[in-house]
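Have a look at the sequence and the 3D view, then work through each task with its solution.

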Amino acid sequence: ARLRDLELRCASDFSNKSRSRQEEWDEFAQEVQASCFAWEEANRTYQDDTMEKVQSCKDRLDEAVRQREEADDDIVAALNQYTQVLQEAVASASRGSLIA
């Protein structure tokens with residue numbers, strides 16, 4: 001009878017500890033899952049913020065390139081006008097010296 005009681009007590013203790021360990025494991029698995037979800041959300045937020053900043057930099061760079069190209073076009077137009085006026089002045093001076 002004592003041996004039987006001891007076996008029953010051991011089986012009961014084992015069952016209780018096994019249940020307790022399973023509950024601890026389940027809690028741990030839930031914590032890991034929650035932690036993974038939080039990490040994924042933080043990573044997604046970081047990526048979104050980074051992409052927004054990259055796009056902002058790209059937009060500013062595109063605008064700077066557009067302004068630079070516009071300024072270059074203005075410089076070329078001014079140089080062309082200057083060259084034309086200079087050529088006209090030289091032509092006029094040449095005609096004047098031929099007449100004199």
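A disulfide is a pair of cysteine sulfur atoms within 2.5 Å. This is a predicted model, in which local features need pLDDT of at least 70 and side-chain atom pairs count only at pLDDT 80 or more, while totals for chains, interfaces and linings use all residues. Residues are numbered from 1 along each chain as its sequence is written, and side-chain values use heavy atoms, with hydrogens and water left out.

**Exercise 1.** Find how many disulfides the rule gives.

Solution. Apply the cut-off for sulfur atoms: the count comes to 0 disulfides. Next, look at the cysteines' surroundings. Cys36 has a relative accessible area of 40% and Cys57 has 41%. Buried means under 20% relative accessible area, exposed over 50%, and partly exposed in between (1.4 Å probe, protein chains only). Cys36 is therefore partly exposed, and Cys57 is therefore partly exposed as well.

**Exercise 2.** Work out which residue pairs with Asp62 in a salt bridge, and where the two partners lie.

Solution. Start with the rule: a salt bridge is a side-chain nitrogen of Lys or Arg within 4 Å of a carboxyl oxygen of Asp or Glu. The partner is Lys58, with the closest N and O atoms 3.1 Å apart. Both residues lie in helix H1, 4 residues apart, about one turn of the helix. Helices are DSSP runs (H or I, at least four residues), numbered from the N terminus. Helix H1 covers residues 2-99. Why can such pairs form? Side chains of opposite charge can pair when their charged atoms come close.

**Exercise 3.** Describe the salt bridge of Arg68, and say how exposed each partner is.

Solution. Arg68 pairs with Asp72, and their closest N and O atoms are 2.9 Å apart. Arg68 has a relative accessible area of 56%, so Arg68 is exposed. Asp72 has 31%, so Asp72 is partly exposed. Elsewhere, salt bridges that share partners join Glu63, Arg66 and Glu70 into one network. In total, the structure holds 6 salt bridges.

**Exercise 4.** Decide whether Trp25 is buried or exposed.

Solution. Trp25 is found in helix H1. Its relative accessibility is 52%, so Trp25 counts as exposed.

Definitions and conventions
Helix = DSSP H or I, 4+ residues; strand = E, 2+ residues; numbered from the N terminus.
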